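Hi everyone, thanks for coming.

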Amino acid sequence: MKQKDYHCENGGATKTELEEAREREATASPASGSSMMTSAGRASSSNARRTAEPPVKSRPPFPWFGLDIGGTLVKLVYFEPKDITAEEEQEEVENLKSIRKYLTSNVAYGSTGIRDVHLELKELTLCGRTGNLHFIRFPTQDMHAFLQMVRQKHFSSLHTTLCATGGGAYKFEPDFRMMANLQLLKLDELDCLVRGILYIDSVKSNGPSECYYFENPSDPEHCIQKPYRLENPYPLLLVNIGSGVSILAVYSEDNYRRVTGTSLGGGTFLGLCCLLTGCSTFEEALDMASRGESTRVDKLVRDIYGGDYERFGLPGWAVASSFGNMMCKAKQESVSKEDLARATLVTITNNIGSITRMCALNENIERVVFVGNFLRVNTLSMKLLAYAMEYWSKGQLKALFLQHEGYFGAVGALLELLNPST
Amino acid sequence: MADCARKGRTRDSMDKSITLPPDEIFRNLENAKRFAIDIGGSLTKLAYYSTVQHKVAKVRSFDHTAKETEGDPLYEISVQEEITARLHFIKFENTYIETCLDFIKDHLVNTETKVIKATGGGAYKFKELIEKKLRLKVDKEDEMTCLIKGCNFVLRNIPHEAFVYAKHADSEFRFQNTHPDIFPYLLINIGSGVSIVKVESEDKFERIGGSSIGGGTFWGLGALLTKTKRFDELLQLASRGQHSSVDMLVKDIYGGAYSSLGLTGDLIASSFGKSATTDKEFSKEDMAKSLLHMISNDIGQLACLYARLHNLSRVYFGGFFIRGHPVTMHTITYSINFFTKGEVQALFLRHEGYLGAIGAFLKGAEEDNPNQYSWGENYAGSSGLMSVSPDLNPMQRARSGTFDMLEMDRLERQLVNLPLLQDPSSYVPDTVDLTEDALAREYWLSCFEDALDGVVKRAVASQPDLPQAAERAEKFRQKYLHKLQTLRHQPFAYGSLTVRSLLDTREHCLNEFNFPDPYSKVKQKENDVALKYFQKVVMSLEKLSWEQRQFALVKGLLAGNVFDWGAKAISDVLESDPEFGFEEAKRQLQERPWLVDCYNEWLERLKGPPHKCALFFVDNSGIDIILGVFPFVRELLCRGTEVVLASNSGPALNDVTNSELQILTERIAAMDSVIQTALKEDKLTLVQSGSSSPCLDLSRLDKALATVVLERHTDLVVIEGMGRAIHTNYYAMLNCESLKLAVIKNSWLAERLGGKIFSVVFKYEVPFKSQELKQ
């Protein structure tokens, strides 16, 4: 998304959006009113882990946002109240409606902003209000375009607190103030991440499972995704793969520790792919990777030893040297861009796998949850991680994944907004 | 990989064949046996065992039952041929493998060898070539087993083998003491991939992990990104690059540091995180740098995770990714420091490139039991650590590194720690590390250079009847001068540079050109002269009161020590004025209080009960040993203290050797009943130190000496002379009483210590424990 795009589109769309919004709000409110009961009922019946649910009292004014500004992507969660009463509607300022309308009626914003519709959580009760939770992302490099839009929509007039986490909350804080006249409430990204995960998992405990794993990861034919109930989840190793990687050992809701991290993350995959293949997006890179063959690029154990290296129990198919074949000019010429993309993906993924496995051993933790946007639409990496965890630990470690991959930080930020103590 | 490297080289139009100077490379091939070869991606390492015939000076006592005539020498000196064992290791580029094999075939004459042990990735590829050229059967050995065997061998036998690398420190290399127990340790071998091996004992090791992101990844990915073919060039690019233009740093995300986690702004958050864009070009240098950081950090992180899991603190790095490259040693060191917060140090090895070849060789030599011997690095025949200056252009480096050699001499004695060392693991023999002290380094290098003429002259004079003495002496001069020049530029070439290593290197170079004992005749003459005065000295001592005598004995010991050819100031005087006498020496000595003066404490101690047994490390021949040491020893014996006299196994300067001392002792015994009785009753014992150095390394002493020391319950150690008590062992901590005494016969050193020339050091030390017991 280029700054210009945001500008034009928003500028041109504002008026019609507002009109449409009014119509839609009018028809939607009764339905949401009734669903509030359902939601609340479900909430109370669900287990005791729903501590993340803040009390009804001292509810902040709408709009409710949670923002997570990462190195590559900005993740935005937006709570769309569906239980707005007629009275409320009357009082609701134009700006607020306009924002709601804009966000909920579109699935794409500018040329790079995207709402992940399939992740939307419907009829969610938050702070006594019922509504839908929307998940939106756009590249961090378009932050200024986003700020332009925020200014245009006079966000500052709503006197709301904007809870933001991720490094960008710090980096862009002056920009939010200068360009959009907004004061950010900066939150620690790991606090938000942990809180967000626990919350989403708790609210989805009755619906389709948030957490899943891969059965038979070593057998591509029979490898299937299976739901997993993340009950009594502690201790847990949490691996957040964004541009870089953070690995946390989580012992309870508020007792966690960042064990280590690595700079070889999603940003490395995309960065290297761009340099090696000339691609420009994550989707493009993944698509190429899905069609490539890494064994032409990597040097395998069998390329060196002719088969298994039995002395050390290394199977012939194991990668001995990532990109090892590329030391040779002749072999360089025989590989495709797809092969290179695949090799990059495999290299980064396996490396995360092996660091994770060592951390799990050092921390004596058997369950590993992988999150972060590197895993978005990246079944290849997830299956690789699932396989690597199981194979190298001889079945001791279990790799778990979450549907809302990269949005937990933003969710955590939103929850902080609703937390009366802040 | 090997294929690629070869093709690359040929295209770079490097000569494939070269003329090999046989007296420099592949030496002693005539007697070579037991070959081993390690063929890596670009370098071949050849190992063989040879026997070296070299001249040694032997002394033999005349039959003295016959009536003595004035002017008859005390003993006879003859130069004899002696055969010792030597290990040769030669490293060269794979490009030259054919030339080298041809050369070996042509020069290999007397060998019964039928097989050649081979290891390394290229061993398979070159199998046929080797078998065809050398008519030896190639016997392949497991790479990792060889690597570990080699690693154990160098760690055990080469002092200062391991070092830590500190790019911005005064000396880049900080060498580690050899820990008496080398196990357990972690070896991280960074070849095309990474292997992490835990070594628990000589035969027990386990590959506990590894990573596919290694040297091959740097090379392969680097080649793709920068279109640069050669590994060295990639490192060059990297050393000039700025990674922050390619990497996403914490500050790029946070605007500053992520303080709550203690992550600084300059930390890499995402390697190549900024290159995910199509509208920007990145320089080769920057990409190479980013890649280097990415890979080094990743390896460092895994190494730390494994070290922690297995609770290991000694972590050695090797493999072609490391091999003497300052760039990678620096990034790996940085990474280890970062991930362990300084708890673990990254250790590197001087002979890392030879480990596989050494191990393969040892595999083949198992029947000879090479591990039961001690070995020593021959400074004359070894290239030392190559210059690793990153400014050197890679072609130059490749060339200068074309033929690198390591030679190890089998020592006739097995060497062990002095059992009286307080803490063997922290014992450092040398007082000043010239690698770190630039001023001292400059002084000593010049000092040795200035003294060279004299040494050459002395060497020629020592062999009036032997052929080509002058030519050989000239070759010696060239070689030693070259070593000194090398050390001026690369003080770290053979580990920490010390006065001891400079002296030892000179001895090795002299031996190399068949000057086994240039001072033999001088020593003979001085011994003769001194013996004539022995009885007179003893008699005059007997006349003194007890207290006067004690002081006279110490003074005699010190005056005797003035007679030292090793010190330039003295060798000048001795050369010009042979009448420079014992009395004159006494007059030259500094008046009390001495520079270091513990005489009063020593005298007090002597008023107490006698020592059980004294171990005395002696120094020079002539007046020193005969008129200084023997009267002192005689007094100890009279007090009821047993004495063990430890002298050098082989010659070094004018130091008295064990065989000379045996003859001298016999002669003195014939004149003196105290000595005679002590010898007869086994109260006076002569042992050899196991060393042929003018200095003393208490961690490498003859095993027999260590046994005697324990058996006799030694409770006093006397160390005499500049080489043994000042240049080395000045700070050595023993767990019994010790006496370190010397006359500083070098004005520079004297000034440095705060005194003048002929200042006296008389250091009497009592370990903490026994002091408490006494009180």
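So, A:Glu338 is partly exposed, with a relative accessible area of 21%. For that term, under 20% relative accessible area is buried, over 50% is exposed, and partly exposed is in between, using a 1.4 Å probe and protein chains only. Before I go on: this is a predicted model, where local features need pLDDT of at least 70, side-chain atom pairs count only at pLDDT 80 or more, and totals for chains, interfaces and linings use all residues. Residues are numbered from 1 along each chain as its sequence is written, chains are lettered from A and ligands numbered from 1 in the order in which they are written, and side-chain values use heavy atoms, leaving out hydrogens and water.

What does A:Glu338 form a salt bridge with? The partner is A:Arg291, and the closest N and O atoms are 3.3 Å apart. A salt bridge here is a side-chain nitrogen of Lys or Arg within 4 Å of a carboxyl oxygen of Asp or Glu. A:Arg291 sits in helix H9 (residues 282-291) of chain A and A:Glu338 in helix H12 (residues 337-363) of chain A, so the pair ties together parts 47 residues apart in sequence. Helices are DSSP runs of H or I with at least four residues, strands are runs of E with at least two, and both are numbered from the N terminus.

Over all chains, the count comes to 59 salt bridges. One of them joins A:Arg137 and A:Asp116, with 2.9 Å between the closest N and O atoms. Buried or exposed? Both A:Arg137 and A:Asp116 are buried.

Over in chain B, B:Arg488 forms a salt bridge with B:Glu442, closest N and O atoms 3.0 Å apart. B:Arg488 lies in helix H13 (residues 469-489) of chain B and B:Glu442 in helix H12 (residues 438-462) of chain B, so this pair ties together parts 46 residues apart in sequence. B:Arg488 is partly exposed at 26%, and B:Glu442 counts as partly exposed at 38%. There's also a network of salt bridges linking B:Arg86, B:Glu407, B:Asp409 and B:Glu512.

Last stop: B:Asn746, in the loop between strand E24 (737-744) and helix H25 (747-752) of chain B. B:Asn746 is buried, with a relative accessible area of 9%. Leaving out residues up to four places away in sequence, B:Asn746 touches several residues, including B:Trp444 and B:Met722, where contact means heavy atoms within 4.5 Å.
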